[in-house]
Amino acid sequence: MSAKLQATPRSEFLEGAAISLPIIVGVAPFGALFGMLAIENHFSVSEAMFMSVAIYGGASQMVGVDLFGSKVAPWLIVLSIFAVNFRHVLYSATIGRHLARWSLTKQAIGYFFLVDPLFAESERRVDRGIRLSFAWYMGMGIPVYISWLIATYLGAVFGPLIPDPHAIGIDFLLPIYFFCLVLTFRGRAHWLPVAGVSALASMVAYRTIGSPWHVSIGAFAGVLLGAFLPPVPSEPDHSEEGTL
Amino acid sequence: MSTTFWIIVVGAILTYLTRIGGYLVLSRFERIHPRLEAGLNAVPVAVLTTLFAPAVMEGGPVEWLALAAATVIAFSGGSFIVMFLVSAGLLIVLRQFIG
């Protein structure tokens, strides 16, 4: 516990906004990539924007436009979007334990913004023993959401002008981002076995059953292992302790 | 309204349901079993790992070097942002020389 007692909604909002900066660096290229793919698959710029506004889930949007381009049945596209986003059920179950103090309206709004990096940062904050405030959460969530929309727009409009997206690393920035996030959780109980089993299960599933099922299968394997290994006391978070 | 419009609307509703669903289910329970608690505590690592593992498998030496750099920085006490920027920077620089 650090000097959190004097925190005002304003200071919490700004603190959240500062955390959003590295998230945006990781996520914005992905949003631009989505915009580019959407146009390649015959979406209009406004359809691509509408998808980012309403769904706000990068991987599911990519899968959605990809299937759209291959002319599969609409219900199958919708089912795939649901399958890719199913991991969020686990997120809301996990972080929900710490958001239950918020009013129902705040919770209803907050859950809309519960994307991977917001979930991870919220869990990191819980590990540091800090209460999650709505102001902090939205301070982080609003800039990420707006950046996602701007990145989609720029990708849709200017994407076709980029000669070689591979050379600027667009395809691998998000894997790096998630890899670094997992490293920051290394103080948690059974960190290495859980990561190892999830990695192995997701890679096997990716090769055999295919995307997007590798996410659910890998996650299930890791969560099951975490549930059944003998409990050990968790060390505190190693990273960026008590910045205030 | 076009098919695309309805695909996006239904996709958005289902996505919101996944974002609120876990909480709606769990809030019906008075107490959470310790095993479930332990499972939930494994969620961040278990799920986030699946979001990069196949890309690592499909990647080559350049990608692996970038991740190795992040690992070294993490274990020598570097912050998240340093890890991420060094790793991403290394990837982009190396890709200028190696495919």
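**A helix and its flanking loops**

In this predicted model, Tyr56(A) is placed in the loop between α2 and α3 of chain A. Just after α2(A), this residue takes a positive phi of about 55°, although Tyr56(A) is not a glycine. Because 24 C-beta neighbours lie inside 10 Å, Tyr56(A) counts as buried; the cut-off for that class is 20 or more.

The loop between α1 and α2 of chain A contains His42(A). His42(A) is likewise not a glycine, and has a positive phi of about 70°. Is His42(A) buried or exposed? It counts as exposed, because His42(A) has 12 C-beta neighbours inside 10 Å, and a residue with 12 or fewer falls in that class.

Attention now turns to the helix itself. Helix α2 of chain A covers residues 45-54, and its buried residues are Glu47(A), Ala48(A), Met51(A) and Ser52(A). Viewed down the axis of α2(A), these buried residues fall within an arc of 135°, so they line one face of the helix.

What do the buried residues of α2(A) pack against? Within chain A, their partners are α1 (9-40), α3 (58-69) and α8 (134-158). Together with these, α1 (3-26) of chain B packs against the buried residues of α2(A).

How values were computed. Residues are numbered from 1 along each chain as its sequence is written. Chains are lettered from A and ligands numbered from 1 in the order in which they are written. This is a predicted model: local features need pLDDT of at least 70, side-chain atom pairs count only at pLDDT 80 or more; totals for chains, interfaces and linings use all residues. Helices (H or I, at least four residues) and strands (E, at least two) are DSSP runs, numbered from the N terminus. The arc is that of the directions from the helix axis to the C-beta atoms. Two residues are in contact if their C-beta atoms, placed from the backbone, lie within 7 Å.
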